[in-house]
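Have the sequence and the structure open as you read.

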Amino acid sequence: MPAEQSCLIPVVVDRLAPVIASDADSRWAADLRKQLAGIPDPRDRRGVRHPIGSILALAAAAVVAGAQSFTAIGEWAADAPQSVLAALGARFDPRHARYAAPDEATVRRVAGRVDGDLLDDVISSWLAHRDTSNTDPAETPPAAIAVDGKSLRGTFARTGGAGVHLLAAITHNTATVLGQRQVPAGNSEITWFQPLLDTIDLTGRVVTADALHTTAEHARYLHQRGAYYVFTVKENQHRLHGLLDTLPWHEIPAHITSGSGHGRSERRTVQLAPLGDFLGYPAIDFPHASHAFLIERYTTHHTSRKRSAHAALGLTSLTGRYAHPAHIGDYVRSHWHIENKLHWVRDVTYKEDQSRTRTGTAPRVMASLRNLATSTHRHTGHTNIAQALPHTARNTTRALTLLAIPT
């Protein structure tokens, strides 16, 4: 099994052992509905009419088809044909001899109370199991995972109260979400870096993160997990930044690339310095760091002819042939896929920041379903999610096919 396929599965297996024991067929891992059915129902057993698995599967299918809110999910469910409701495990109403769809209020109540961590683990496990990237790591640079956080702006109270902040990890090459955790109010992303990555197989992987996570503790943790890191260092990390800035960059050969697009031209230089007593300079005291790097980017806007320059210093624990300027440049540049292939899509295509959903775990659940939708569409080859959603919505069964739910 490819390494990325194994991510999270052991964690979810432990938490859903009763489900697996009752359905040992290997199709359990492929059928998302069966995994969702194993999530504990937070509702009182009295009066429950719709199984939690069918409610979550229906919500997932609706979001994959483009639903942006609980109202839209309810409308999608109301319009779904009987065959689709049956495939999603909807309740059969013998009185009317038909499958009944849960209404918007039922979906909202379940989403507001369900275990958000467990739902994310189930979704991420299913996505990781389907991800077939990096099938021959020996012939390619190590696969990378980007870690970054995002606040759901619509959840911030008008009085300035704390909102929902989510920390996610995605693959660089396929933009598959491998994990997500909610950062409690008053906590920092830094404290949730390790709990998030504890659920993911990191062996032989490269983890990229912004300068907030460039800490000695994180570097040691990744090394213990058998992973490498590529961290940037900002000026507010005074001592470390100062040491890196004093390296003799003018004596180090640069790897140069250039390109144009989106109305601008860009020239990038990447320099890589082996650490230790390099050319008489003191060693950089950072755990397991093998090289320091300097990336300089020069941009010219075609219309205004305005020019800008940006420089970034950083550290990596990569060694051997993959500790090369070209690879480091690619890792740093691809890190931002988490912004433009996940966070941007959730904001612009799904209008996440305009949502006023604030109750319980509901905001986080909707974000999880959007992660599922974007990752699933990219897995099937769609690069433009905004175009993929109406295509999926035109045929109700397409969402089920994407989620591997038999119809």
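Arginine 108 is partly exposed, with a relative accessible area of 34%; buried means under 20% relative accessible area, exposed over 50%, and partly exposed in between (1.4 Å probe, protein chains only). This is a predicted model, in which local features need pLDDT of at least 70, side-chain atom pairs count only at pLDDT 80 or more, and totals for chains, interfaces and linings use all residues. Residues are numbered from 1 along each chain as its sequence is written, and side-chain values use heavy atoms, with hydrogens and water left out.

Arginine 108 has a partner: its side chain meets that of glutamate 104 in a salt bridge (2.6 Å, N to O). A salt bridge here is a side-chain nitrogen of Lys or Arg within 4 Å of a carboxyl oxygen of Asp or Glu. Glutamate 104 and arginine 108 are 4 residues apart in helix H8 (residues 104–113), so about one helical turn separates them. Helices (H or I, at least four residues) and strands (E, at least two) are DSSP runs, numbered from the N terminus. Glutamate 104 is also partly exposed, at 24%.

Now follow a pair that reaches further along the chain. Arginine 333 forms a salt bridge with glutamate 266, with the closest N and O atoms 3.5 Å apart. Arginine 333 sits in helix H13 (residues 325–334) and glutamate 266 in strand S9 (residues 264–274), so this pair links distant parts of the chain, 67 residues apart. Arginine 333 is partly exposed at 49%, whereas glutamate 266 counts as buried at 15%.
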